[in-house]
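Hi,

Here is the structure I promised to pass on. My notes follow below it.

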Amino acid sequence: MILSCIDSRAPAEIILDTRIGDTFNARIAGNIANEDLIGSLEFACAAAGAKVILVMGHTACGAIKGAIDQVELGHLTGLLAKIKPAVDETQYSGDRSSKNDEFVDAVARTNVRRAIDAIRNGSSVLAPMEKDGKLKIVGAMYHLNGGAVEFLT
Ligand SMILES: [Zn+2]
């Protein structure tokens, strides 16, 4: 079960070389985990038998940049507000602007960790599955430059 960003440059199935029937895929700007997405993860894992949840962020993410810049645009405003805590939580002493690629990617990492926490803390279905060893929840960053998938520890 992959939770990743809608970015056209980061299509999870293609990046991970999966085929039809291999993975469940949820894509939303900034790969956040809200209640409806967690419900989808619960379906995939508890009802349909998926054994791993991979939350995959990516470098140069526009949603992360939007959250840093506090962009306001229709319903996107509310979505970006869910990413904003990752901006605030990210420890970074340099330029904390969306023009700094290093900061943007640091926030994206924080955002992946926050999504994993949201899944663990927000699902009474998935948390016990993970505790019992029936489910793994892991994070990764996809690097647009070079194409590497870096798994986060
Ligand atoms: Zn993105």
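A word on terms before the metal site: donors are N, O and S atoms within 2.8 Å of the metal (3.2 Å for Na, K and Ca), and sites may look incomplete because water is not among the atoms. This is a predicted model, in which local features need pLDDT of at least 70 and side-chain atom pairs count only at pLDDT 80 or more, while totals for chains, interfaces and linings use all residues. Residues are numbered from 1 along each chain as its sequence is written, and side-chain values use heavy atoms, with hydrogens and water left out.

Along the chain, the donors of the zinc ion follow the spacing C-x52-H-x2-C. Cys5 sits in the loop between β1 (2-4) and α1 (12-15) and His58 in strand β3 (residues 52-58), so this pair ties together parts that are 53 residues apart in sequence. (Helices, H or I of at least four residues, and strands, E of at least two, are DSSP runs numbered from the N terminus.) The zinc ion is coordinated by the SG of Cys5, the NE2 of His58 and the SG of Cys61, at 2.1 to 2.3 Å. Cys5 and His58 are both buried, meaning under 20% relative accessible area, with exposed over 50% and partly exposed in between (1.4 Å probe, protein chains only).

Ala26 belongs to strand β2 (residues 25-27). Its relative accessibility is 8%, so Ala26 counts as buried. Ala26 touches Met1, Ile2, Leu3, Ser4 and Leu37, leaving aside residues up to four places away in sequence; contact means heavy atoms within 4.5 Å. The C-alpha atoms of Ala26 and Ser40 are 7.8 Å apart.

Best wishes
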